[in-house]
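Q: Hi! I've just opened this one and could use a hand finding my way around. Can we look at it together?
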Amino acid sequence: MINSLLKVTFRIIFFSSLLLNASVLTTNQLHSGLWLNNFQTTLATLASDTSDDDKFWYWLNLARLQQANGDFTSSIQSFERAYAILDEYENRATISLRNIGSFLGSSLMSKGSETYYGKGYERTSMHTLNALNYLMLGNFESAAVEMRRMEQRQKFWLQESTDKIKEAAKKREEARQKGSDTSRIPQNYSLASMLEDEDIRALVNNYQDPFSYTLSSIILDISGQSAASGNSAEISLKRALALNPDVSKVFVTLPDLTPKMDVTVIVLSGIAPAMKIEKIRFPIFYGANYTSIDLPSYTLPKNDINMVAITTDQLKLQPPRLLKTDLMAYKTLKDELPGELAKSVVRATTKAIAAKQASDHFGNLGGLVASLVFDVGSSYADSGFRNWEMMPNSGYIAKFEAIKNSTVNIKLNNTQESFVLPSDKKGTIVLITYLTPDNIRIDHVTY
Amino acid sequence: MKTITNISLSITLAVILFSGCAPKGGAGMVGYQSDVKYGDAKAVETVTADFGSTDLQTTAESLTQSLLESRYIAKAPQPPKVRLRAVNNLTYEHIDTKAITDKIRIKLLKSGQVRFLADNANLNQVKDEREFTESATANKENKAMADSDYIITGNVRSIKKANDDVKDVYYNVSLELVSPQSGEILWADEKEIRKVTSKSSVGW
């Protein structure tokens, strides 16, 4: 009874908050709206909200929720809208006025003045997830196209990263000449210790994941395109193994089984870390005024599971976690932090100089007002700085053989799901989407 | 003077208001002026560097002509029976390869030099063709439908390269004429397309 009352109260509060903020769903609203009772409302609200339809992250968030709802065709369309935004960015004029404006804004005013075009891991994963859409529609050829795009997209990211490293070195030198040390991470920065984590150090790079390459190998094999494209399935598998040796545990064959079929189980679970901008404020000029260093940061992932177990009458296996979005996000941040730190010091210095001038002209109160104006202004800009918050945090793949018409059991933490295999097919691909413990969806396709 | 100005302003405002209420067209508005116009279906299309209508047309034209000139077709005592299999899309784009095979089929049929068997576009390997023929041979009615003299298969590939200023896309469309009995490739040809797009130096 109390539980029911609590549920009703929670739903009233949730829907009221959606109505009050009918135009834009905040990160927190998206997170709380993934539970089964609220999911359809959240999806409908997000789909009807056009205020952010020029934003890369908006289409990615929508595409992910549409996929989690089994609406694969709409999800493909949303991913295509995200691609169009990124393509436009990647193909801009060599000297683009928009890029210059964004660069100046983020260099002098606030990190939030930048337009977010995703990090390397997001740009590759969007193609991987879209390949899953095509897979679930039985279109293996188009799924293979998406996997090729996944690899192609990495090239621009590498170029962009190289440019950023050069720019960071330039900024560091500028800051050094002005007497600022940008080599040390501020103590108050919440992710300071996490970025030194051993798992993050162990990642080969910040944009290639073994999940995408393993899936690519399976898709190219099933679509029959591997031989025609220079054994591309094998090449993908080698890349996956180089990124994570645990990929070898993905494939299980049982030679004596009959009548058997191939079963591929793909699990996408949890919600990736959401980006935020962290302000570290400190006083200047005897405490009368203040300035702040603003650095990109991440929240912790949500609703994720830590164990997937698959059992049939013949086998029991625990597929490895191959997609580790949180680690890739932190790795990207770790790689970019020196540049971000240099830029944030330049911004802090700009604001401090302006506050000093205000203080000189209008006294301490003038300086304080100037500090507050900068702070509020940048906080407003930072609030719209968002990433692909609905990206899955984990991905698991298992490909094994099983007897036709038998039952497969899958355990996701404490939740058990089962399905019966078909009796007349060569193979099946099962996609399990775990958004919350009560919002789990299972889709499949046969071939 | 002030009155004339007021009248002019009123007339301008009225024109703007009325033009705002004008119908925008719809069903049955035959001849209504709009942005829709017919274009030349054969005109060169360069909207983007993606595989487009011009590529489809030139590919089909060139490969069909080459195939018709091959001795297996040109010197055949009677038009051979051909089955057109799917052309694999191995590019970075969602190309409708059925559009390519359909266009080639139409051109070959119009030539009168080949006969086509109904195809199953989802089977794209010679092995499938042989299995199909073997299983159908047991049934005489099916045998005529399954027995093809040749099958045509193919691939579309692309290579993309880009630097800061230039994007280069290379397409290669290849077709093969294969004997389903022996698996021998009797004829093959390709059509190459290269598209280069340059970034503008300065822009929005």
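Q: Which residues does A:I76 touch, not counting those up to four places away in sequence?
A: In this predicted model, A:I76 touches A:N130 and A:N133.

Q: And where is A:I76 found?
A: A:I76 belongs to helix α5 of chain A, which covers residues 72-90.

Q: Is A:I76 buried or exposed, by its C-beta neighbours?
A: A:I76 counts as buried, because it has 20 C-beta neighbours inside 10 Å, and 20 or more is the cut-off for that label.

Q: How far is A:I76 from A:R64?
A: From C-alpha to C-alpha, A:I76 and A:R64 are 9.6 Å apart in space, and they are 12 residues apart in sequence.

Q: Switching topic: what is the mean pLDDT of chain A?
A: The mean pLDDT of chain A is 88, with 93% of its residues at 70 or more.

Q: Good to know. How many residues of chain B are in contact with chain A?
A: On the chain B side there are 19 residues, in contact with 18 residues of chain A. β1 (81-90), β3 (150-162) and β6 (202-203) of chain B each supply at least two residues of the chain B side, and β1(B) gives the most, with three. By class, that side of chain B has 10 polar, five charged and four nonpolar residues.

Q: What joins strand β1 of chain A to β6(B)?
A: Two bridges join them: strand β1 of chain A (residues 95-96) and β6(B) run parallel. A:S96 stands opposite B:G203 there.

Q: Now the sheet in chain B: in what order do the five strands come?
A: The order is β2-β1-β3-β4-β5 of chain B, in an open sheet with mixed pairing. Its edge strands are β2 (115-116) and β5 (185-198) of chain B, each pairing on one side only.

Q: How many bridges are there between β3(B) and β4 of chain B?
A: β3(B) and β4 (residues 166-178) of chain B pair over 12 bridges in the antiparallel sense. For B:T153, the bridge partner in β4(B) is B:E176.

Q: Which strands does helix α2 of chain B touch?
A: Helix α2 (residues 53-69) of chain B packs on the sheet and touches β4 and β5 of chain B. Its direction makes about 155 degrees with that of β5(B).

Terms used. Residues are numbered from 1 along each chain as its sequence is written. Chains are lettered from A and ligands numbered from 1 in the order in which they are written. This is a predicted model: local features need pLDDT of at least 70, side-chain atom pairs count only at pLDDT 80 or more; totals for chains, interfaces and linings use all residues. pLDDT is the predictor's confidence in each residue, from 0 to 100. Helices (H or I, at least four residues) and strands (E, at least two) are DSSP runs, numbered from the N terminus. A residue is buried if 20 or more other C-beta atoms lie within 10 Å of its own, exposed if 12 or fewer, and partly exposed in between; C-beta atoms are placed from the backbone. Two residues are in contact if their C-beta atoms, placed from the backbone, lie within 7 Å. Ala, Val, Leu, Ile, Met, Phe, Trp, Tyr, Cys and Pro count as nonpolar, Asp, Glu, Lys and Arg as charged, and the others, Gly among them, as polar. Two strands pair if DSSP finds at least two bridges between them. Axes are lines fitted to C-alpha atoms, for helices over the stretch in contact, and angles run from 0 to 180 degrees between N-to-C directions.
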